[in-house]
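Please keep the structure open while reading.

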Amino acid sequence: MSSVGGGGGQRSARGGQSLAAKFVLTACAASVAETVTYPLDLTKTRLQIQGEAVCRHHRGGKTAKPYRGMIQTAAGIVKEEGLFKLWQGVTPAIYRHIVYSGVRMVAYEQLRDSVLRKDEDGYFPLWKAVIGGMLSGAIGQFFASPTDLVKIQMQMEGKRRLEGKAPRVHGVYHAFVKILSEGGIRGLWAGWIPNVQRAALVSLGDLTTYDTVKHFLLRNTALKDSSLCHGLSSICSGLVAATMGTPADVIKSRIMNQTRDKRGRGLLYTSTIDCLMQTIKREGLLSLYKGFLPTWTRMIRRITGLNSF
């Protein structure tokens with residue numbers, strides 16, 4: 001009996017080491033991927049916010065000419081703010097991916113292997129993948145939401161300066177301190193509801209579609225488990241994930257970016273539903289898909305091997 005118990009302890013230790021190693025490797029890979037593709041994220045956020053700014057300018061009697069499209073937005077940032085401003089806010093973005101990607105990977109694997117479990121033939125059914133993907137994505141994003149809040153606010157600093165507004169934050173540490181002083185611990189999770197919703201939907205589309213398309217191609221075509229198969233699967237999963245998650249991402253960005261009073265309460269939107277209704281009313285239904293192209297582009301990083309899970 002003692003020998004069995006000892007063997008189990010060794011297996012548990014090895015399992016713990018393996019889990020820790022996967023967390024570290026995933027976090028490192030996610031950090032590299034985030035740094036390389038970060039200009040797309042900054043461009044996406046500017047596109048998601050700019051329609052809101054135009055509405056406010058019109059109400060104030062001013063005119064504003066927004067950028068249109070991913071390329072023009074990125075070019076405008078380089079021209080008006082400088083090349084390296086494309087990476088403004090990359091530090092909290094890396095923090096966010098270290099937390100989110102690691103927690104999501106660990107949670108998904110634990111749900112898949114210990115809770116939901118594969119079938120006897122080793123196949124993981126779609127309905128189980130849906131549940132595991134949504135839960136793991138939601139858990140990871142909840143823990144990472146404060147870093148997303150800081151990232152969004154830092155991404156909009158360059159635009160605020162161009163509009164003649166005073167700087168809101170001066171760095172990652174200052175942003176966290178400012179948010180804590182205005183809204184307390186609860187303030188760090190401003191916008192967490194659409195943020196978690198987005199992560200759950202993206203995880204659902206990404207994890208489930210990728211595996212489903214890959215298995216379909218392997219079983220029904222002459223393709224082998226190669227880079228081409230993974231690339232096609234990644235394109236399809238990215239398209240589904242971006243389609244499902246972009247509306248929640250737009251709402252998340254606007255809630256996180258809005259000006260707040262001394263108590264940390266938003267001055268533009270009172271809730272997720274309020275932001276959704278105002279956005280649709282003022283800018284139309286398609287405004288919920290602002291920033292879709294850079295979002296989709298970032299979601300097909302598997303093609304280059306820069307996957308943040």
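At what angle do the axes of helix H8 and H9 cross, and within what distance do they come? They cross at roughly 105 degrees and come within 10 Å. The model is predicted.

**H8 and H9**

- Helix H8 spans residues 227-257, and helix H9 spans residues 272-283.
- A crossing angle of 65 to 115 degrees counts as roughly perpendicular. H8 and H9 are therefore roughly perpendicular to each other.
- From H8, the contact draws on Ile 251, Arg 254 and Ile 255.
- From H9, Thr 272, Cys 275, Leu 276, Thr 279 and Glu 283 take part.
- By class, this contact of H8 with H9 holds four nonpolar, two polar and two charged residues.

**Thr 279**

- Thr 279 lies in H9 and is one of the residues that H9 brings to the contact with H8.
- Is Thr 279 buried or exposed? Its relative accessibility is 1%, so Thr 279 counts as buried; the cut-off for buried is under 20%.
- The side chain of Thr 279 reaches back to the backbone oxygen of Cys 275, at 2.7 Å. Cys 275 is also among the H9 residues in the contact with H8.
- Beyond its neighbours within four places in sequence, Thr 279 touches Ile 251, Arg 254, Gly 284, Ser 287 and Leu 288. Of these, Ile 251 and Arg 254 belong to the H8 side of the contact.

**H3 and H7**

- Helix H3 covers residues 90-116 and helix H7 covers residues 192-220.
- Their axes come within 13 Å and cross at roughly 55 degrees.
- The crossing of H3 past H7 is right-handed.
- On the H3 side, the contact uses Arg 96, Tyr 100, Arg 104 and Tyr 108.
- On the H7 side, the partners are Arg 198, Ala 199, Ser 203, Asp 206, Leu 207 and Asp 211.
- The residues of this contact divide into four nonpolar, one polar and five charged.

**Tyr 108**

- Tyr 108 sits in H3 and is one of the H3 residues that meet H7.
- Why does Tyr 108 count as buried? Its relative accessibility is 4%, and buried means under 20%.
- Which distance separates Tyr 108 from Leu 135 in space? The two are 7.8 Å apart, C-alpha to C-alpha, and 27 residues apart in sequence.

Key
Residues numbered from 1 in each chain as written. Predicted model: local features only at pLDDT ≥ 70, side-chain atom pairs only at ≥ 80, totals over all residues. Heavy atoms only, no water. Axes fitted to C-alpha atoms, helices over the stretch in contact; angles between N-to-C directions. Helix = DSSP H or I, 4+ residues; strand = E, 2+ residues; numbered from the N terminus. Left-handed = near helix turned anticlockwise from the far one by under 90°. Contact = heavy atoms within 4.5 Å. Nonpolar A, V, L, I, M, F, W, Y, C, P; charged D, E, K, R; others polar. Buried < 20%, exposed > 50% of the residue type's maximum accessible area, 1.4 Å probe, protein only. Polar contact = N/O pair within 3.5 Å; in protein donor to acceptor, adjacent residues only side chain to side chain. Parallel < 35°, antiparallel > 145°, perpendicular 65-115°, else oblique.
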